[in-house]
Amino acid sequence: MLTPTQIRQITALVHREVVPATGCTEPAAVALTVAYAAAQTTAGPRSIEVLLSGNMLKNAMGVGIPGTGTFGIPIAIALGAILAAPDKQLELLDSFTDDELHRAQKMIESGCIHIGLKEGDDIDRLYVEVLLTDTEGRVSTAVIQATHTGLTSLTYDGEDRFVATDRTPCTKCPEQKTEEETIALNFDLVYEYALHAPLDELNFIYEAAQLNKRASEFSFTHSYGHNLGKLINSDLGRRYLGDSPLTQMLAYTSSACDARMDGAPVTVMSNSGSGNQGISSMLPVLTFAEEQGADREKTTRAIMLSSLLVIYVKQLLGRLSCLCGMVVSGIGSACAITYLMGGTKEQSIGAVKNMIGNVSGMICDGAKPSCSLKASTGVSSALISALLSMQGHVVTATEGIVDEDIDICIANLADLGRDGMAQADLKVLKIMTSKGQHHHA
């Protein structure tokens with residue numbers, strides 16, 4: 001049984017990790033850091049230098065910025081400087097006028113924006129540093145690290161404007177009292193909370209999933225990214241893939257990713273700093289529940305089971321790694337789908353082991369439109385993993401990185417993604433940043 005304190009801590013944790021985000025969270029975090037620096041001064045910027053960790057650079061390079069028709073980091077920096085509204089947090093890029101966009105484009109053309117890699121072994125994988133010099137020659141600096149809104153330093157004209165605490169208070173989050181110390185999750189806590197915590201504590205996750213579903217529906221009627229969701233629902237898709245619960249799960253999930261990665265003006269509920277993770281941990285589960293005719297409570301508990309399991313894996317893995325987030329959200333989905341099928345706790349554990357025994361090597365090569373393809377891989381694997389477990393077939397502890405103990409199993413996956421794939425991460429970044437150079441050699 002969970003104690004009231006554990007329920008309170010887990011509820012606070014989920015509210016911190018499942019938050020709205022417009023556009024990809026990495027460019028949004030870059031824009032937010034610039035906005036913090038820009039808000040310190042009333043003079044306009046003369047130059048803006050932005051230093052990013054390798055993982056931030058990788059995840060912000062190829063992604064569309066909502067409402068701009070543009071990709072990448074410079075437009076996020078310019079808009080952050082012009083909007084200068086850090087109180088909007090990750091929804092900073094939600095709304096701007098044509099005039100503000102025009103000014104941002106002019107700022108990029110002026111050549112005052114400089115982007116570099118923050119070197120050093122001890123740099124957090126999520127790290128943004130901004131040095132903004134205003135037209136009066138004064139410098140304001142801001143640093144966000146560890147989380148997408150984690151402001152750790154803010155100065156203006158050599159004077160500290162911010163005392164670093166464990167985290168920045170979020171103006172839009174529920175009240176944060178002394179329950180601030182983060183509870184370390186394990187599988188039992190995740191399962192117990194999702195299935196037995198008071199429904200009132202969980203209802204918001206159902207609404208969060210509905211928001212993500214609206215992003216899918218928006219995408220169905222527009223053209224974004226690689227249009228994978230639309231393909232699955234098209235005559236061609238139905239001819240070869242059929243029309244089944246799986247194709248509906250694939251269509252809704254990949255459609256929302258199509259829109260989000262290509263800069264559609266949609267807000268989604270993110271999970272652990274990733275909108276795609278929020279989409280792909282909730283939508284397969286919501287769609288499957290609707291296909292099965294599950295009631296609201298069972299659907300809500302299933303979405304929470306998936307979402308909280310993702311938060312648990314990410315606690316061990318870290319915000320950004322070389323392991324594709326679709327593997328993590330697929331683990332959440334597989335567990336929750338098993339529950340929706342009437343599976344036992346043991347069968348849900350089996351589905352997680354099947355996922356870890358299958359797609360644990362999928363690499364992250366940045367946030368970009370093709371993430372929707374990876375989402376479809378995660379969702380397909382999740383349903384197969386759940387079905388196999390329901391039939392009593394589970395990847396055993398003698399196979400690969402799977403362990404008898406589910407928590408060790410998840411720790412093995414996190415260890416592989418966090419440390420084992422570090423070299424692959426550097427190689428991916430090197431390939432991405434040197435593209436085009438060898439063609440002209």
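The structure is a predicted model, in which local features need pLDDT of at least 70 and side-chain atom pairs count only at pLDDT 80 or more, whereas totals for chains, interfaces and linings use all residues. Residues are numbered from 1 along each chain as its sequence is written, and side-chain values use heavy atoms, with hydrogens and water left out.

**The sheet and its helix**

- Six strands make up an open sheet with mixed pairing, and their order is E5-E2-E6-E7-E8-E9; strands here are DSSP runs (E, at least two residues) and helices are DSSP runs (H or I, at least four residues), numbered from the N terminus.
- At the edges stand strand E5 (113-117) and strand E9 (159-160), each of which pairs on one side only, where pairing requires that DSSP finds at least two bridges between two strands.
- Strand E2 (residues 45-52) pairs with E5 in the parallel sense over five bridges, and Glu49 has His114 in E5 as its bridge partner.
- Helix H2 (residues 25-38) lies across E2, strand E6 (127-134), strand E7 (139-145) and strand E8 (151-156), and runs at about 145 degrees to E7; such angles run from 0 to 180 degrees between N-to-C directions, with axes fitted to C-alpha atoms, for helices over the stretch in contact, and contact means heavy atoms within 4.5 Å.

**Salt bridges**

- The count comes to 17 salt bridges, a salt bridge being a side-chain nitrogen of Lys or Arg within 4 Å of a carboxyl oxygen of Asp or Glu.
- Glu290 and Lys213 meet through their side chains in a salt bridge of 3.2 Å, N to O. This pair links distant parts of the chain, since Glu290 belongs to helix H11 (residues 275-292) and Lys213 to helix H7 (residues 199-220), 77 residues apart.
- Lys368 forms a salt bridge with Asp365, and their closest N and O atoms are 3.0 Å apart.
- Salt bridges that share partners join Glu136, Arg138 and Asp157 into one network, and within it the side chains of Glu136 and Arg138 meet at 2.8 Å, N to O.

**Exposure of the salt-bridge residues**

- Glu136 counts as exposed because its relative accessibility is 53%, while Arg138, at 34%, counts as partly exposed; the cut-offs are under 20% relative accessible area for buried, over 50% for exposed and in between for partly exposed (1.4 Å probe, protein chains only).
- Lys213 is buried, with a relative accessible area of 16%, whereas Glu290 counts as partly exposed at 39%.
- Lys368 counts as buried at 14% relative accessibility, whereas Asp365, at 27%, counts as partly exposed.
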